[in-house]
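Please report on the helices, cores and local backbone features of this chain. Keep it brief, and give the cut-offs behind each term.

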Amino acid sequence: VASEGMIPYMPGKGRTVIYNMQEVFFDQVIHSCRWTGDRQFLDYALPALESHLAWEKRCFDADGDGLYENFANFWASDGVFYGGAVCLLASAYAYAANRFCAEAGELRGQPAGRYRGDCRRIRRAVMEQLWIRERGHPGESRDTLGGKLLHHSLSLPSVVHAAESGIFDQFALYQMLHHVRSTLEHLPAGDGEVVWNTNWVPYRW
């Protein structure tokens with residue numbers, strides 16, 4: 001069933017799910033496990049993470065090509081609609097979670113081949129379908145309908161989560177960060193600066 005592995009949104013209030021913040025939650029769980037090395041918490045959280053990954057694949061990578069759809073899965077996602085397109089950010093989340101499940105399984109003496117295989121599938125699909133070789137950076141998303149257009153203008157949330165996920169090698173990561181430096185607007189803010197999330201046309205001027 002579609003809901004198996006999904007964390008209920010506001011349980012008991014009878015509301016429809018409008019966000020997929022469990023990708024964000026499990027990404028935080030992964031960072032917590034890596035930072036603390038808490039084996040007891042890892043043993044507690046890992047079955048839920050594995051169930052989450054199965055749900056993600058059923059809902060957002062139904063064709064099994066390794067590319068996942070974004071759906072309200074990052075903090076700046078209000079007013080952003082991908083219309084079923086496959087996206088860098090969701091694919092990076094899935095890559096990071098599969099990599100962690102593989103490493104955790106090996107630590108516990110369990111087979112990890114399935115998760116390693118999914119990591120390879122996701123990375124290959126991102127490089128073949130989303131990476132723009134002549135520009136030296138990934139695109140934000142690729143449509144799955146019509147002309148299956150690749151959308152070149154990359155958002156900062158996609159950059160951050162892809163960088164954290166480990167999906168890119170050091171040179172690809174350097175290229176992507178250079179793209180941010182040279183294309184997204186940087187505004188002075190105190191002793192630092194603020195980087196705009198995107199170059200997209202805002203819904204309010």
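## Helices

Of the 20 residues of α3, 16 are buried, so α3 is largely enclosed by the rest of the structure. Buried means under 20% relative accessible area, exposed means over 50%, and partly exposed lies in between (1.4 Å probe, protein chains only). Helices (H or I, at least four residues) and strands (E, at least two) are DSSP runs, numbered from the N terminus.

The model is predicted: local features need pLDDT of at least 70, side-chain atom pairs count only at pLDDT 80 or more, and totals for chains, interfaces and linings use all residues. Residues are numbered from 1 along each chain as its sequence is written, and side-chain values use heavy atoms, with hydrogens and water left out.

The table compares helix spans. The expected span is 1.5 Å times one less than the number of residues.

| Helix | Residues in helix | End-to-end C-alpha distance | Expected span |
|---|---|---|---|
| α2 | 22 residues | 30 Å | 32 Å |
| α3 | 20 residues | 28 Å | 28 Å |

Helix α1 has these buried residues: Gln22, Glu23, Val24, Phe26, Asp27, Val29, Ile30 and Cys33. Their cover includes α2, α3 and α5. Glycine 37 follows α1 and has a positive phi, near 65°. Just after α3, glycine 109 also takes a positive phi, of about 75°.

Helix α2 covers residues 39–60. Aspartate 38 caps its N-terminal end, with a side-chain oxygen 3.1 Å from the backbone nitrogen of glutamine 40. That is a polar contact: a pair of N or O atoms within 3.5 Å; within protein, one must be able to donate a hydrogen and the other to accept it, and residues adjacent in sequence count only if both atoms are side-chain atoms.

Where does α2 bend? The bend is about 35°, at alanine 45, and proline 47 follows within four residues. The angle is taken between axes fitted to the seven residues ending at a position and the seven starting there.

The buried residues of α2 are Leu42, Ala45, Leu46, Leu49, His52, Leu53, Trp55, Glu56 and Phe60. They pack against α1 (22–36), β1 (68–69), α3 (88–107) and α4 (113–130).

## Cores and aromatic pairs

A nonpolar core is a set of buried Ala, Val, Leu, Ile, Met, Phe, Trp, Tyr and Cys residues joined through side-chain atoms within 4.5 Å. The largest has 29 residues. Leu88, Ile122, Val126, Phe168 and Met176 have the most contacts inside it. At least two of its residues come from each of α2, α3, α4, β3 (131–132), α5 (156–165) and α6 (170–183). A second, separate core has 16 residues, including Leu42, Leu53, Ala97 and Cys101.

Rings of Phe, Tyr and Trp (its six-membered ring) pair if their centres lie within 6.5 Å; planes under 30 degrees apart count as stacked, over 60 as edge-to-face and the rest as tilted. The count by this rule is four aromatic pairs. One of them joins phenylalanine 25 and phenylalanine 26, edge-to-face, at 5.1 Å centre to centre and 65° between the planes. Tryptophan 55 and phenylalanine 60 have ring centres 5.7 Å apart and planes at 90°, so this pair is edge-to-face. Phenylalanine 25 is partly exposed at 40% relative accessibility, while phenylalanine 26 is buried at 5%. Tryptophan 55 is buried at 5%, and phenylalanine 60 at 12%.

## Individual sites

Serine 91 sits in helix α3. Its relative accessible area is 0%, so serine 91 is buried. A polar atom of its side chain lies 2.7 Å from the backbone oxygen of cysteine 87. Beyond neighbours within four places in sequence, serine 91 is in contact (heavy atoms within 4.5 Å) with Gly66, Leu67, Tyr68, Ile122 and Val126. With residues up to four places away left out, isoleucine 122 touches Gly66, Tyr68, Ser91, Ala94, Tyr95, Asn98 and Ile167.

Alanine 85 is in the loop between β1 and β2 (86–87). It is buried, at 1%.

Most residues other than glycine have a negative phi. Alanine 72 has a positive phi of about 45°. It lies in the loop between β1 and β2 and is buried at 16%. Lysine 148 has a positive phi of about 50°. Its place is the loop between β5 (141–142) and β6 (150–151), where lysine 148 is partly exposed at 48%.
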